[in-house]
Amino acid sequence: MVRPDLHTVSRGGRPTISGRIPVAHAIYVEWSAMCANRRLLREVNGWGLPGLPIGHLDELLIRSGLDGRSEDDDSDHYLALIQKRAATDELAARVMLQRLMPAMLSVATKRAPITDNGTIGAFEMLVSSAWVVIRRYPIDRRPVHVAGNLMRDIEYAAFVRDKRLKSATIEAVVGDKVLDLAGANHARANGDHDPVAAVGEVEALLNDLARAGLSVADIQMLRSVMNDVTSAEAAEELRINARSARNRRASALKRARDILTISAEVADCS
């Protein structure tokens with residue numbers, strides 16, 4: 001049974017329970033920063049979605065049914081149009097992730113009693129699976145009831161099919177997809193990698209790093225690298241100078257490397 005406080009929401013439709021889940025809190029903080037980015041707003045308004053241009057990214061969530069009208073045909077169609085872009089457009093995929101946040105928090109609460117680390121652990125498992133499911137969802141074959149279908153797929157991927165990364169795999173991913181991201185576009189990595197799978201692996205990696213003790217601030221820095229946010233843009237969002245932003249990124253990458261080096265050494269000894 002979902003706890004009553006899950007239905008208590010703060011400004012922007014954010015469930016209050018998210019404040020007790022570090023990864024969820026980080027995702028909402030990142031979304032708030034994205035909403036303040038006028039470049040992203042211009043990009044979204046270039047998608048040709050129905051209706052008047054939006055004035056705030058939260059309008060995408062409301063128009064696609066976050067206000068409780070997810071089964072409404074117009075809202076479902078609007079969400080389907082965003083999802084159709086999500087296979088090749090990372091911003092659209094990120095919008096879809098945000099749109100599903102309340103549902104994922106609800107499922108995490110339901111799964112908490114049978115999951116290690118309770119609601120926090122369950123939510124992390126859901127997020128690890130969500131990005132890959134969103135990027136691979138067959139919208140042409142399943143164009144209706146999009147939110148419900150995505151959540152069923154995400155819950156299945158997280159709790160029925162084992163998708164946890166092994167330590168050696170994590171080490172390889174961080175080498176290829178995080179540490180090298182400081183000056184590269186992760187979604188357009190070299191042709192030897194499947195970009196959809198790579199993004200999912202990095203998302204799972206960030207959750208593993210958070211569970212291993214990497215701070216929320218460091219995770220946010222890694223996410224900003226993964227989302228191609230420049231040092232200047234990050235500095236503006238954090239209200240610090242660009243040099244400080246670069247230093248924070250370098251420190252976050254170093255701490256990620258240190259954690260994964262220890263993980264690899266433990267794996268070698270086991």
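Okay, let's start with one atom pair: the backbone oxygen of Ser64 sits 3.1 Å from a polar atom of the Arg99 side chain. Before going on, this is a predicted model, so local features need pLDDT of at least 70 and side-chain atom pairs count only at pLDDT 80 or more, while totals for chains, interfaces and linings use all residues. Residues are numbered from 1 along each chain as its sequence is written, and side-chain values use heavy atoms, with hydrogens and water left out.

Back to Arg99, which lies in helix H5, residues 90–99 (helices are DSSP runs of H or I, at least four residues, numbered from the N terminus). Is Arg99 buried or exposed? Buried, with a relative accessible area of 7%; buried means under 20%, exposed over 50%, partly exposed in between, using a 1.4 Å probe and protein chains only.

Now the helix pair. H4 (residues 73–86) and H8 (residues 146–159) pack at about 55°, axes 9 Å apart. The axes are lines fitted to C-alpha atoms over the stretch in contact, and angles run from 0 to 180 degrees between N-to-C directions. So H4 and H8 are oblique to each other: under 35 degrees is roughly parallel, over 145 roughly antiparallel, 65 to 115 roughly perpendicular, and the rest oblique. Who touches whom? From H4 we have Asp76, Leu79, Ala80 and Gln83, and from H8 Val146, Ala147 and Leu150, with contact meaning heavy atoms within 4.5 Å.

Last, confidence: pLDDT, the predictor's per-residue confidence from 0 to 100, averages 77 over the protein, and 71% of residues reach 70 or more. Over residues 1–12 the pLDDT is below 50.

Conventions. Helix = DSSP H or I, 4+ residues; strand = E, 2+ residues; numbered from the N terminus. Polar contact = N/O pair within 3.5 Å; in protein donor to acceptor, adjacent residues only side chain to side chain.
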